[in-house]
Amino acid sequence: MDKKYILLGKTVAELEKFMLDNAQTKYRAKQVYNRLYLKSVGDIDSMTDLPLATREMLKEKAQICSAVIKDKQISKDGTIKYLFENQDGTYSEAVLMRFDNRANLTACISTQVGCPMGCSFCATAKLGFIRNLSYEEIVQQIYLIQADTGLKVTNIVFMGQGEPLLNFDNLIKSIKIFREHFQVGARRITVSTCGLIPEINKLAELDFQSTLAISLHAPNQKKREEIMPVSKKYDFENLIKCLKKYADKTGRRVTVEYVLMKDINDSVNDAKELAIAIAKLKSNVNLIIYNENEKSHYKKPLKESIQKFKYILEASGKKVTIRLERGADIDAACGQLSAKFNK
Ligand code: SF4
């Protein structure tokens, strides 16, 4: 059987062509467009402003998404973890977070099935790399969340499964769709990387107005190499140089992500060394408290170490935030996405 035409991710012009090819009008294409991006309806039957015959044609020839929601878990703090089943039987995950003090709805989405980067503290790394997601599969995560909740996602972070910059073209295309069609502002989109220097340089050449977050997680090469194999290829010093160049060229502050793990990278010396290393990098720091779980030997830092670490960085002039722990009870917290169903 021929594959059906996937509607989501298409521009108005592409939808017009599809509709004209199927004896429909441009006006109908615009209606479909609005239903996809402005409303995120659950299925073609819910596009009730289209005539029945048009909906029948769409159901026969097209489908909104290629993925479906296979499962969802709701944390006691309201965080929702979604498991999506892709057409080829692989699984992806995304997390929807609402912070009490803000009206914002933040979705953390994936760009790959699994991940090849092998960070030692990350559950996704244990899956290995399965494949890149297509741009449609990336975009569908937001659509399916919006259709499920009836709410508009206001902020998007590429911090789910996978290294986004390894799926560069699909990443850029999906950001374009989020900006132009879903109307999510560029400044409300954050891309997190473990530090691929050539791709960061490539990003610096684009009109990329979103935030770049760097998963640094260590204050020097020795420590970073122990927990993040990427550092063997792109070392700490060159990475910081590259980020400085990026921040200077784009005029945008980089977010330094640092997951604090007890006795690994949370000492006073680590904080001092980090403060020196990033002193000249235009950046804010986001401290993440490691979420202990039985599958990992890493431990959560003591409250006292967290406060000292934060204080030292602040004293060096950095704006520091501690990321609120979300969804730890449903394995939705940072580094816990493992899409257990993937073989
Ligand atoms: S932390 Fe990110 S880059 Fe590292 S293995 Fe996990 S998903 Fe990949």
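Predicted model: local features only at pLDDT ≥ 70, side-chain atom pairs only at ≥ 80, totals over all residues.
Student: Let's start with the sheet: how many bridges join β6 to strand β9 (residues 155-158)?

Tutor: There are 3 bridges, and β6 and β9 run parallel. Strands here are DSSP runs of E at least two residues long, helices are runs of H or I of at least four, and the numbering starts at the N terminus. Two strands pair if DSSP finds at least two bridges between them.

Student: Which strand pairs with β6 (residues 105-108) in the antiparallel sense?

Tutor: That's β5 (residues 91-98), over 4 bridges. In that pairing, L96 stands opposite A107 in β6. β5 also pairs with β4 (residues 80-85), again antiparallel, over 6 bridges. There, Y82 has A94 of β5 as its bridge partner. The hairpin of β4 and β5 has 5 residues between the strands, and G89 takes a positive phi near 90 degrees in it.

Student: Why is β5 called largely enclosed?

Tutor: You count neighbours: a residue is buried if 20 or more other C-beta atoms lie within 10 Å of its own, exposed if 12 or fewer, and partly exposed in between, with C-beta atoms placed from the backbone. In β5, 7 of the 8 residues are buried, so the rest of the structure largely encloses the strand. Across the protein, 43% of the 343 residues count as buried.

Student: Is H217 buried or exposed, and is Q183 buried or exposed?

Tutor: H217 is buried, because 28 other C-beta atoms lie within 10 Å. Q183 counts as exposed, because it has 11 C-beta neighbours inside 10 Å.

Student: Which residues surround the ligand?

Tutor: A residue is taken as near a molecule if its backbone-placed C-beta lies within 6 Å of it. Among those around the ligand are C115, C119, C122, E163 and C194. The shell divides into 6 nonpolar, 5 polar and 1 charged. Nonpolar means Ala, Val, Leu, Ile, Met, Phe, Trp, Tyr, Cys and Pro; charged means Asp, Glu, Lys and Arg; the others, Gly among them, are polar.

Student: Zooming out, how is the protein divided into domains?

Tutor: Domain bounds come from an automatic or database domain assignment, which gives domain 1 (5-63) and domain 2 (68-330). Their C-alpha centres lie 34 Å apart. The contact takes 7 residues from domain 1 and 10 residues from domain 2, a contact being two backbone-placed C-beta atoms within 7 Å. The side of domain 1 that touches domain 2 has 4 nonpolar, 3 polar and no charged residues.

Student: What box do the C-alpha atoms of the protein fill?

Tutor: Roughly 70 × 40 × 40 Å, along the principal axes.

Note on methods. Residues numbered from 1 in each chain as written.
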